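Reader: I am new to this kind of file, so could we go through the structure together, step by step?
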Amino acid sequence: MQSHSAPSLPLVYSYGLAVVFVALALLTSLALEHSFGNPFWFIFSVAVILSTWFGRSGAGWFAVVCSGLSVVYFFTPPLRSFAMKSSDIPYFLTFVGCEVGVTQLISWRRRAEDSLQRAHDELEVRVAERTAELKNAHNAILQHMAEQKRIEESLQVTRTELARVARITTIGELTASIAHEVNQPLAAVAANADACVAWLSRAHPDLVEARAAAERAAQGATGASEVIARIRSLITKTTPEKSAIQINQIIEQTVALAAAQASVNNVTIELELSPDLPHVFGDSIQLQQVVINLLMNGIDAIISTTDRLRTVAIRSKFQNGSQILISVQDSGIGVNPEVMNRLFEPFFTTRSNGMGMGLSISRSIIEAHGGRLWAESDGSTGSIFYFTLPSELAV
Amino acid sequence: MKEQDPVVFVIDDDRMIRDGLRSLIQAVGLRVEIFTCAQDFLIATLPNAPACLVLDIRMPGLSGLELQVKLSDAGVQIPIIFITGHGDIPMSVRAMKGGAHEFLTKPVRGQDLLDAVHKAITHDRELRKDRTELSDIRARFKSLTPRENEVLDLVVAGLLNKQIAAELGTSELTVKTHRLHVMEKTGAESLAHLVRMTERLRTSSLLK
């Protein structure tokens, strides 16, 4: 950083400077005296002032001496000699005294100025140092934050991947159900296509019936591809994308996927969905995963029972003007308090083929959506899983 | 009561499949009645016609298998063509044990279904004819007096009139009269016919 302190000139230069100033003062005085006849000694004061200011006190004293000698030599009779009349001595001493006073005053002022300058410089340096320190600290924090962000991102990636694996596992468990789901529209396509051919093959082809059958076949094909697209979206690797979604629609789609699974196990799925729910802001695939998880758990809890109704009821409602509450109630074996405490721990499972990640992942998904997921059970007559999602009105 | 045209009943919860099957069967000129669930079929009045039932094995509510059991409990005899998805082997086994007429896996080939339907209707027609005959025979045999029944048993057992008379402690003439009544009442054209009818009746009551 550039310093503002006056450069302390090397001794030679400061004394040289004094000589130059005195010489200039001498020339000026001689010239003025020659023109006007009066002695212009005070011009030397200017030389002393300038010498002291720019060359510090040493140069000042030197200028005083040089000025004194110049005055004695050039201005006090006898001229061009260092001798002096005794009557001029008081006048001369007064001059020298004034010069000494001036040099003291200026050098004192100069010192004050210098020390001020030094203090200022020191402050500048300190500020610069502190600034550098802060900058380093700032950089360190930035680096730390970047690191943190990177870790969080990699955690997010891991979490997303884990959720996807869990989805694939779920899909694996749902294979029979999904096969049925795909087969159903295909069966419709086959039946209607055959019907179409049969109407056309009659002695008098019935075009109206054939056309209707062909249209139904086409609808079936669309249906099949929709089912496949839905399953694909559950399996494919996607980063979570939040958008405004209708939770009832998510529930209905999920129930369609698990319907066959339920019917094989003779379980009825009841839906009590409150109409006109506000939208929620979330990732539809992840929310579908939560619903499918809770639904499959409900069905699993019922499978082994024989002495009761076999129903899973899914309800949705708007509450507190700010959130949507979804509940999944099963009439299964219930959850005892001991298990309840560990229910949401990762890798905790009561099933022999379970991964134990379903509820843990579901909870992290719901929490990432700003909601809550919890369970209630009296331990014998089934359990209810609840989750909330903030509605878009509240967001 | 005159027998009506054959009817095919289709029960499937999937509207598109239901419509497809209905259309397919109608296209070959058969009468079709469709039901969206098994319960509806149970409470429906069945026409007096040869019929068969095309049934999805897997349906919400009352399943195909449960309907099969209920129909059999209620004594309703109708050939059932089950449509099953892949991997429904345990269900298929149960249906087969319950006397399913035919199995077709989904998606069904149209011609397979029509073939199965035709076969089932022919089968049902024969069964119905059989049942009508049997109930005719049963009605005729019901009109026999206890004494005539005794005579019938012994005749069918291959005894001569003389032996029967001895067995029953009566005269040969009386046995002849009873025997004549039996032949008239049952409409038997010959002894062999009488034996056949009796055997049929006994087998059916054994089966019952």
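Author: Let us start with a definition: axes are lines fitted to C-alpha atoms, for helices over the stretch in contact, and angles run from 0 to 180 degrees between N-to-C directions. This is a predicted model, where local features need pLDDT of at least 70 and side-chain atom pairs count only at pLDDT 80 or more, while totals for chains, interfaces and linings use all residues. Residues are numbered from 1 along each chain as its sequence is written, and chains are lettered from A and ligands numbered from 1 in the order in which they are written.

Reader: At what angle do the axes of helix H1 and helix H2 of chain A cross?
Author: The axes of helix H1 (residues 11–36) and helix H2 (residues 43–75) of chain A cross at roughly 45 degrees and come within 8 Å of each other. H1(A) is therefore oblique to H2(A), since angles under 35 degrees count as roughly parallel, over 145 as roughly antiparallel, 65 to 115 as roughly perpendicular and the rest as oblique.

Reader: And how many helices and strands are there in chain A?
Author: Chain A has nine helices and seven strands, which are DSSP runs numbered from the N terminus (helices: H or I, at least four residues; strands: E, at least two).

Reader: How many residues of chain B are in contact with chain A?
Author: On chain B, 19 residues are in contact with 23 residues of chain A, where contact is counted if the C-beta atoms of two residues, placed from the backbone, lie within 7 Å. Helix H1 (residues 15–27) of chain B gives the most to the side of chain B that touches chain A, namely eight residues.

Reader: Back to chain A, what share of its contacts is between residues 24 or more positions apart?
Author: Among contacts in chain A with a separation of 6 or more, 72% are between residues 24 or more positions apart.
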